[in-house]
Structure formats: structure tokens, C-alpha cells
Amino acid sequence: MESECYHFERESIPGCYVAHYDASWISDIDDITEDMFGGIDIDKLPEISIDPSSLLLSVINSNKSFAKSFNITIGGSALPVMTEDDTVLVPGETKDNQGNTSTCITLILLIKPLQIMDVCYLNNAPKIFNEVHISEDAYIFSDIKLLNHPISKEQVGHINLDFPLDRSSGPYLCSQSFGGQFTHIFPGNYHAIDLECEIGTNILAVSNGKVVDVKDTERNEGIHTANLFHWNSLLLETEDGYFVEYVHIQTNSALVQVGDIVTRGEIICKSGAVGFAPKPHLHIQLARSSDDDAVTIPIHLNCKEVRMDHIYNEADDQCHSFIELKSGSWYI
């Protein structure tokens, strides 16, 4: 039985495959028992295993208390990747900082404590593990995290912000909302919003404030897991003391510098697809501090929900209402 995956649009993540504890496309899932591995200490089991004969890829969570998340990119001659019923997992694209492009797939898996998930079958055994460069040889790149930080899903209240994109280029699809089970599963991004937009769309200051950080020199794009560690972003401290982060901005697009004072509605940079981004989009989130581990706060944006075929008009620039965005809906 496939587990429900909430608050993101599957059409917005080409080449990525999500399984939160179970899914119809994986091969199997089972509880780990003491006698399953011939007396091997459970704590010494590898987190990723590939059967040498069948090339079945499995992931293992030997932790007794917490779930684990696995982001696993498979590429090169390890493709095509097949499911148990011989269905090919269609790949997506990635581009490194040197502009080299290739195809790959990325698995986004959540595993309960003391479980093993048999996921899919590779075409060739990997020769390269966790090297960032793109290769024609079979490779795997992974990022594994323990989900040991509880998320407060019942936070009281929210912060109102202006709409972050130029309305005249809209409407915009919300491709992932609060708690999106594609990537918004950690305290540091749980209350983030993703808005699909063409590269080069004007990004606006959502509040009066001061620019405190700008990173816009990276060029890598697409679904490679390594892109989780390299992205472009702009950080704005609002006049109320909150911190708004705009992620995936276009390379060399920042129109402001650290220390600049900006006004609500001012163009500050352009949208892009830099970092882990299956499609070009703006990822926006709010926190009470600029710390890397700061917990995100729910935000409502000044906008209105419209049909996807809505045509912009001047009335769209008038004040609307502050609303919580939902994945699958269009906004302007």
C-alpha cells in the first residue's frame, strides 16, 4: 500500500521518487530482527546495501528510536533503475558548477526505526560513492540524516508578509507548502513555501528591512543530492527583527548588497533554479534568527488564489488578504 505524501506536487519533481515509510513503487519493507543477518550486530549494518547478484538497492535504519531520511542520487551507467515490476524510474536532469549536464534519479526516503527498505534495482554496480563530479561510471551520492528533532506543527499565530514575486509575471503555482513531504520535513524548513516561476522573475522585498547576507555565485542546478549543499540565497532582516530567506536565486542576480536598507516591494534579485531544484522556483521561509539551525515560522502572504489561466491586470496589484498558501493552487 502506498503511503500518502502530502503538500507537494508530484509533477514538480521530475526524476525524484518519494517514499515516506512505504510506497507502491518500492520492492519491500521489513522489520529488522536479531537473526535476520546471521548474527551480525545490528548497529554495524550499512545504511545502504546493494545485493551483488540482483543489484537490489536497500536502505537500513538500525537506530532503535528515530526515523532516518535518505536522499540518494543514482546516475551514470547505474541507470536505468527499475522497480520490482520492471518499471523504469524516469530520470531527471542535473547540472554542476562547470555547466556539465547529465541525467540521474534521486530517491527521497523516510525509514522507521529498525526497518529495512528494499527500494529498486540498478543497471550496474556503483563504482563511485559520494563524489560530487558527474560521471559516466555508475555512481551513488547520498545524504542521510537522523530525524531526531521534533517539529512543532501546532505553532500559534503566523507572520504576515507581502508577496515575494512580481505579480505581472504570474500567476504562480505553489509546488510545496508547509510540511511538504518532498523536502520540507525538518525544523529548519518545515514552514517554507515553494513558488514555481521562470528563471529571471523579479523577486521583491516582502518587508522593509536590511540585507544581511547574499550568496549568488553558485551555478549548479537540478536534482543531484550534492546540490543540497550548494545554493544561492538572499537573507533579509525585517524591521520587526525576523529573518526572511530567499533560496535558489539566479546566479549574479542580486541587486542589493549586505547592509543595504530595502523597502517593501523593492526588486532585490531574480529567481533561478540554483541548488536542489527539480524545476525553477522560489523557496521562501521566515525565522527568528539567522542561525543555520533556526526553526521556521508560519507565514501568510499578501495575495489571492486564482485559476492557472488567470491573466494579470492592474487590479491584481491592489491589496488582497494575507493567506496561507496551499500546494497545487495558483496565486498572484
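Student: What makes Glu324 partly exposed?

Tutor: In this predicted model, Glu324 has a relative accessible area of 31%.

Student: Why is the contact of Glu324 with Lys326 called a salt bridge?

Tutor: The N to O distance between the two side chains is 3.0 Å. The criterion is a nitrogen of Lys or Arg within 4 Å of a carboxyl oxygen of Asp or Glu, so the pair of Lys326 and Glu324 qualifies. Lys326 is itself partly exposed, at 44% relative accessibility.

Student: How do you know that Asp143 is buried?

Tutor: Its relative accessible area is 13%, and buried means under 20%; therefore Asp143 counts as buried. Its salt-bridge partner is Lys145, with the closest N and O atoms 2.5 Å apart. Lys145, at 34%, is partly exposed.

Student: Which salt bridge does Asp316 form, and what parts does the pair tie together?

Tutor: The side chain of Asp316 meets that of Lys304 at 3.0 Å, N to O. Asp316 lies in the loop between β23 and β24, and Lys304 in the loop between β22 and β23, so the pair ties together parts that are 12 residues apart in sequence.

Student: Is Asp316 buried or exposed?

Tutor: Asp316 has a relative accessible area of 0%; because buried means under 20%, Asp316 is buried. Lys304, at 28%, is partly exposed.

Student: How many salt bridges are found in the whole structure?

Tutor: The search finds 9.

Conventions: Residues are numbered from 1 along each chain as its sequence is written. This is a predicted model: local features need pLDDT of at least 70, side-chain atom pairs count only at pLDDT 80 or more; totals for chains, interfaces and linings use all residues. Side-chain values use heavy atoms; hydrogens and water are left out. Buried means under 20% relative accessible area, exposed over 50%, partly exposed in between (1.4 Å probe, protein chains only). Helices (H or I, at least four residues) and strands (E, at least two) are DSSP runs, numbered from the N terminus.
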